[in-house]
Amino acid sequence: MDSVSLRHAGRELLRYVFAPDTPAAGSPRPYAHEVRTLGGAPVTGHRPADHPWHTGISVAVAHAGEVNLWGGPTYVDGSGYVDRDDHGVIRHDRWASPPSDTEIAEELTWLDPGGRELAVERRTLRIDRVDEAAGHWVVLRFALRLRNTSGAPLALGSPATRGRAGAGYGGLFWRGAESFVDGAAHTPDGVAVNGAPAPWLAFTDAAATATVVFLPDPVAAEPWFVRTAEYPGVCAALAFDRPLDLAPDAESARDYRIVIADGRPGKRP
């Protein structure tokens with residue numbers, strides 16, 4: 001397992017695992033864990049017992065065509081979740097530029113179980129802003145550009161697009177640390193609603209010691225997949241209720257912000 005870190009003033013805020021030791025059934029892919037507030041509180045969970053394919057903050061898709069790039073069982077309409085040997089890999093290929101304390105830029109390839117190329121991705125993870133005086137928060141930027149290189153149309157989908165209502169997960173996904181169990185998620189309109197778009201979504205842990213705020217891509221403005229009772233999780237959903245269809249050689253780009261704060265901030269950065 002190989003990793004690099006983003007740091008501020010000598011403190012590790014985020015460890016990025018680019019060569020994971022995830023089992024094949026977990027759809028191996030790079031991920032960020034642990035991610036911490038400036039005060040040191042962890043905000044990410046990693047391979048929890050209830051969903052061992054959840055890995056901190058990662059890009060994961062339940063259906064890339066017929067390939068599972070999420071991990072775990074695959075949803076099949078009429079049969080529910082089924083264990084299948086359909087797990088692919090999102091592989092780190094090279095650094096687009098040398099990693100620094102404030103930025104990671106890499107090139108990746110999405111592969112099916114047999115190693116056939118589905119897509120290539122350019123990904124950037126960067127510390128955009130830090131405020132230690134007012135609010136004690138960090139703003140992370142997570143940007144990606146995906147190109148279909150399979151030679152055929154590629155549909156990115158979720159269990160919801162295959163028939164399971166509400167299960168629209170897939171895209172940039174955060175699994176919260178254990179402290180976020182029984183926490184609270186809200187948007188400007190009140191309690192966060194699964195499947196609803198919002199200009200931001202904030203998730204505060206049960207003891208109000210840490211908050212993570214998610215800001216969607218400003219152009220796509222996709223709905224949020226959010227879980228608070230079953231487990232703490234948030235996903236900027238690429239395909240909540242309909243597939244994201246990519247023609248051969250077509251590209252799709254997203255640019256997200258994630259704010260990580262100690263306590264419950266009184267204002268959003």
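Where is the place of Asp-249? I found Asp-249 in the loop between strand E20 (244–246) and strand E21, with strands and helices taken as DSSP runs (E, at least two residues, for strands; H or I, at least four, for helices) numbered from the N terminus.

**Entry: ground rules**

I am working with a predicted model, in which local features need pLDDT of at least 70 and side-chain atom pairs count only at pLDDT 80 or more, while totals for chains, interfaces and linings use all residues. Residues are numbered from 1 along each chain as its sequence is written, and side-chain values use heavy atoms, with hydrogens and water left out.

**Entry: overall form**

I counted 0 helices and 21 strands in the protein. The radius of gyration (over C-alpha atoms) is 17 Å, close to the 18 Å of the globule rule (2.2 Å times the number of residues to the power 0.38) for 269 residues, so the protein is as compact as a globular protein of that length. I noted a C-alpha trace that spans about 50 × 40 × 35 Å along the principal axes.

I then looked up burial, where buried means under 20% relative accessible area, exposed over 50% and partly exposed in between (1.4 Å probe, protein chains only). Of the 269 residues, 52% are buried. The accessible surface (Shrake-Rupley method, 1.4 Å probe; for residues, only the protein chains shown count as cover) is about 11100 Å², and carbon and sulfur atoms hold 50% of that surface. For contacts I used heavy atoms within 4.5 Å. Among contacts with a separation of 6 or more, 59% join residues 24 or more positions apart.

Most residues other than glycine have a negative phi, and most peptide bonds are trans. I looked for departures from this.

Asp-249 has a positive phi near 70° and is not a glycine. Asp-249 is exposed, at a relative accessible area of 52%.

Ser-27 has a positive phi of about 50°, again in a residue that is not a glycine. I placed Ser-27 in the loop between strand E2 (11–19) and strand E3. Is Ser-27 buried or exposed? Ser-27 is buried, with a relative accessible area of 1%.

The peptide bond from His-33 to Glu-34 is cis, and I noted its omega near -5°. Glu-34 belongs to strand E3 (residues 31–35).

**Entry: Asp-86**

I found Asp-86 in the loop between strand E7 (80–82) and strand E8 (89–97). Asp-86 is buried, at a relative accessible area of 6%. Leaving aside neighbours within four places in sequence, I listed its contacts as Glu-66, Val-67, Asn-68, Thr-74 and Pro-113.

**Entry: pockets**

Rolling a probe the size of a water molecule over the atoms shows where empty space is left. The search ran on a 1 Å grid over the protein atoms alone: a cavity is a set of points where a 1.4 Å probe fits but cannot get out, a pocket is an open set with protein on both sides within 12 Å along at least five of seven lines, and lining residues have an atom within 4 Å of a point. Grid points are joined across faces, edges and corners, and a volume is the space filled by probe spheres set on the points.

The largest pocket has about 230 Å³ of space. I counted 19 lining residues, with His-51, Trp-70, Tyr-81, Arg-164 and Tyr-169 closest to the centre. Strands E4 (57–64), E6 (74–76) and E18 (224–227) each supply at least two residues of this lining. For classes, Ala, Val, Leu, Ile, Met, Phe, Trp, Tyr, Cys and Pro count as nonpolar, Asp, Glu, Lys and Arg as charged, and the others, Gly among them, as polar. The lining of the largest pocket has 10 nonpolar, 6 polar and 3 charged residues.

The second largest pocket has a volume of about 170 Å³. Its 13 lining residues include Glu-222, Pro-223, Leu-238, Asp-241 and Arg-242, which lie nearest the centre. I sorted that lining into 9 nonpolar, no polar and 4 charged residues.

**Entry: cavities**

How many cavities of 30 Å³ or more does the structure hold? I found 2. The largest cavity has about 60 Å³ of space. Of its 13 lining residues, Leu-172, Phe-214, Trp-224, Ala-236 and Ile-258 are closest to the centre. The lining divides into 12 nonpolar, no polar and 1 charged.
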